[in-house]
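Have the sequence and the 3D view side by side as you read.

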Amino acid sequence: DIIRFLKICLISMSLLLTICALHFVAQLSPGPDVLLIAKSSASTSRANSLKVVFGISVGILVWVALTLLGFTVLIEHFPWIQQLLMLVGGLFLARMGWAMLQEGLKQRQPNVLLEDESVDTAKTKNYFLLGLMTNLANPKTLIYFSSVFSLALSASASTHLKTQLAFIIPIQTFLVFSGLMLVLSLPKIKIAYQRSGSYIDIISGGLFLIFAFWLIYDAISLL
């Protein structure tokens, strides 16, 4: 019994490390979350950027919980749910991208002062909600976790592994993105952003629009 218990522990540990390694690589791949963290880290305070990271981490917790609870099975039986989520998420990302694009284009206009506007925006913007909604706007995260967690969701996997994943993956998300935020919020990077912030906003807005159109196109193609 002890040997069998040790084997189960080793298998669970190896699965957990593999899933964490895959998630680490996926975290740092270009996407809405990374773009939002990069922009907020270079343009606002670390406290506000940390709220963005926390919001994204809570979003990951939601997707992990839905995956472990078998929400993907529901989507397989009712595919219109996934299509609806993709359409809503695409529209939200498109709205964010358009706002970034407009902000960048305004900064390129001569004799336009945006300092007062930026102060007011910093006071009123809910950075936690911004991070949460940006993460939840991409329902493909659910498909990603269902494929990554395929081994953990198998019948042979330990029940404790699911509980560990529900805690470890969101915590890993918060720690990795916090580290990325600290690097991107260094003074030299912030100075570089201030010099070319309009171009960064235009590029970020364009990329958000691309992600949005990609989601909407995929949702329509599933019809």
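Six helices, α1 (2-27), α2 (32-43), α7 (127-136), α8 (140-148), α9 (159-184) and α10 (187-221), each give at least two residues to the lining of the second largest pocket. Helices here are DSSP runs of H or I with at least four residues, numbered from the N terminus. The model is predicted, so local features need pLDDT of at least 70 and side-chain atom pairs pLDDT 80 or more, while totals for chains, interfaces and linings use all residues. Residues count from 1 along each chain as its sequence is written, and side-chain values use heavy atoms, without hydrogens and water.

That pocket has a volume of about 420 Å³. Of its 22 lining residues, Ala 26, Ser 29, Asp 33, Asn 138 and Thr 141 are the closest to its centre.

| Residue type | Lining residues |
|---|---|
| Nonpolar | eleven |
| Polar | nine |
| Charged | two |

Now look at α3 (residues 46-68). Its 23 residues reach 32 Å from first C-alpha to last, close to the 33 Å expected at 1.5 Å a residue. Just after α3, Gly 70 takes a positive phi of about 85°.

Finally, Leu 74, Phe 78, Trp 80, Leu 84 and Val 88 make a nonpolar surface patch of about 490 Å². Patch residues have over 30% relative accessible area and no salt bridge, with nonpolar side chains joined within 5 Å. Helix α5 (residues 79-108) brings the largest share, three residues, while Leu 74 lies in α4 (residues 71-77).

Note on methods: 1 Å grid on protein atoms, 1.4 Å probe; cavity = no way out; pocket = protein on both sides within 12 Å on 5 of 7 lines; lining within 4 Å. Points joined across faces, edges and corners; volume = space filled by probe spheres on them. Nonpolar A, V, L, I, M, F, W, Y, C, P; charged D, E, K, R; others polar. Expected span 1.5 Å × (residues − 1). Patch = residues over 30% accessible without salt bridge, like charges linked within 9 Å, V, L, I, M, F, W, Y side chains within 5 Å. Areas by Shrake-Rupley, 256 points an atom, 1.4 Å probe, with all protein chains shown as cover. Salt bridge = Lys/Arg side-chain N within 4 Å of Asp/Glu carboxyl O.
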